[in-house]
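Subject: Structure handover

Hello,

Here is the structure for your files. My notes on it follow below.

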Amino acid sequence: MSKMAASMLETGEDVFRKIFKLYRRKNPPPDFSDVIDFSRGLPSDKIVPAKLDPAAVSDVEAGRAGLRPVRDWRAFGLKGYPGFIFISNPFLLDSQPFWVRQCLKTYTQKPNVCNLDMHMSPTETQDIWGQSADSLSHPSSGKAEPKTLLEKLRWVTLGYHYNWDTKTYSVSHHTPFPADLHFLSHQITSACGFSGFNAEAGILNYYRSNSCLGIHVDESELDHSQPLLSFSFGQSAIFLLGGIQRQDPPTAMYMHSGDIMMMSGQSRLFYHAVPCIVPAPQGHTALQMEGCSRESSLLDNSVVAPVSEEDWLLCSRYIQSSRVNVTVRQVLGPGQSFPETPPLHQRNDDSQTEGYHDRGVDKESGKSSSSSDS
């Protein structure tokens, strides 16, 4: 437990909520000295090496997903968090732009669902990228300008579409899950010992500089024996990982662009939150500088394709001040089917109503737009 958490336990207030509010504080700014940074490789009595299975994923298959060979990944666990694995940016240099482009240009297209559908027609949200391209491709004039649809985007759902009101999935609200993201997820989970993982649902959260995500647990999936995957792109974030109870003090860690987290076993149902977005530190901004004009090292049969300079200009403008998080889940276990009456989930509690930014409320519509990121 950090000194910060220990001192807060004495007050009797929910320590997770108090630490969450501390990291959201603007003035004076919070002390980030307790935040674990896996990318720096600093010794810590809390960090332990995570065991991967390099034989489960060939170098060729890893390369097709835009990943380095598994033996070269830097993977960690945390004492007291069984089943939690943190992989520090295993992506090949050329591949992150592709996944960013997919999140902004491809996965935002219909039939996938987004927060803008709450107050706009499907035809109006058919091409969010195209409608935003002209404004984003030009430098800001400094004057107050209307937000593009891409800048108003808060969440997109894939596969089994998550219902934010009932906190459930259903057989009637389903569209094909992206094959490329399914392939990427399979390589990660196989290397972590879950070769049977089937990516069935995805939630993409789009964070602006003042966004955050409230304290919650992801339990809407019917099968909790399979892991939950989380991918980060763009600016960095502070991630808080607590325990099985709301009162358990959390551990704070950085998530940088390209980092991957996996929550399985006991940690699959741990409380967690994202209190703030922080500028990517020096050494983690190479993604913004990556162009696509040089020869690519991507394999010919890769699911990852080079990104055009025109597309990358828009992507890089967006992620200079924003973060995209992708969570991938398996919803159903072998032989499972959806119940006729959706179950009520009680543990997604008042953390979902702690404030506009906690749920990513779209202030243009006043409706909730984000509440699930891991």
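Proline 28 sits in the loop between α2 and β1 (47–49), where helices (H or I, at least four residues) and strands (E, at least two) are DSSP runs, numbered from the N terminus. The peptide bond that leads from asparagine 27 to proline 28 is cis, and its omega is near -5°. A cis peptide bond also joins lysine 110 and proline 111, with omega about 15°. Proline 111 belongs to the loop between α4 and β4 (113–114).

Some conventions before the rest. This is a predicted model, in which local features need pLDDT of at least 70 and side-chain atom pairs count only at pLDDT 80 or more, while totals for chains, interfaces and linings use all residues. Residues are numbered from 1 along each chain as its sequence is written, and side-chain values use heavy atoms, with hydrogens and water left out.

The chain as a whole

The chain has nine helices and 13 strands. Of its 374 residues, 56% are buried (buried means under 20% relative accessible area, exposed over 50%, partly exposed in between, with a 1.4 Å probe and protein chains only). The accessible surface comes to about 15900 Å², and carbon and sulfur atoms account for 52% of that; areas come from the Shrake-Rupley method with a 1.4 Å probe, and for residues only the protein chains shown count as cover. Taking contacts between residues at least 6 apart in sequence, 78% join residues at least 24 apart, contact meaning heavy atoms within 4.5 Å.

Helix α2

Helix α2 covers residues 15–24, and eight of its ten residues are buried. These are Val15, Phe16, Arg17, Ile19, Phe20, Leu22, Tyr23 and Arg24. At the N-terminal end, aspartate 14 caps the helix, with a side-chain oxygen 3.0 Å from the backbone nitrogen of phenylalanine 16.

Helices α4 and α7

Two packed helices are described by the angle between their axes and the distance between the axes. For α4 (residues 96–106) and α7 (residues 179–191), the axes come within 11 Å and cross at roughly 135°. Axes here are lines fitted to C-alpha atoms, for helices over the stretch in contact, and angles run from 0 to 180 degrees between N-to-C directions. The angle makes α4 oblique to α7, since under 35 degrees counts as roughly parallel, over 145 as roughly antiparallel, 65 to 115 as roughly perpendicular and the rest as oblique. On the α4 side the contact is made by Phe98, Trp99 and Gln102, and on the α7 side by Asp180, Leu181 and Leu184. The crossing is left-handed, that is, the near helix is turned anticlockwise from the far one by less than a right angle (right-handed if clockwise).

Helix α4 also holds arginine 101. Is arginine 101 buried or exposed? Its relative accessible area is 12%, so arginine 101 counts as buried. Neighbours within four places in sequence aside, arginine 101 is in contact with Thr106, Val307, Asp311 and Cys315.

Positive phi values

Asparagine 89 has phi near 30°, a positive value in a residue other than glycine. Asparagine 89 lies in the loop between β3 (84–87) and α4, and is partly exposed at a relative accessible area of 24%. Lysine 167, likewise not a glycine, has a positive phi near 55°. Lysine 167 is placed in the loop between β5 (155–159) and α7, and its relative accessibility of 16% makes it buried.

Regards

Note on methods
Polar contact = N/O pair within 3.5 Å; in protein donor to acceptor, adjacent residues only side chain to side chain.
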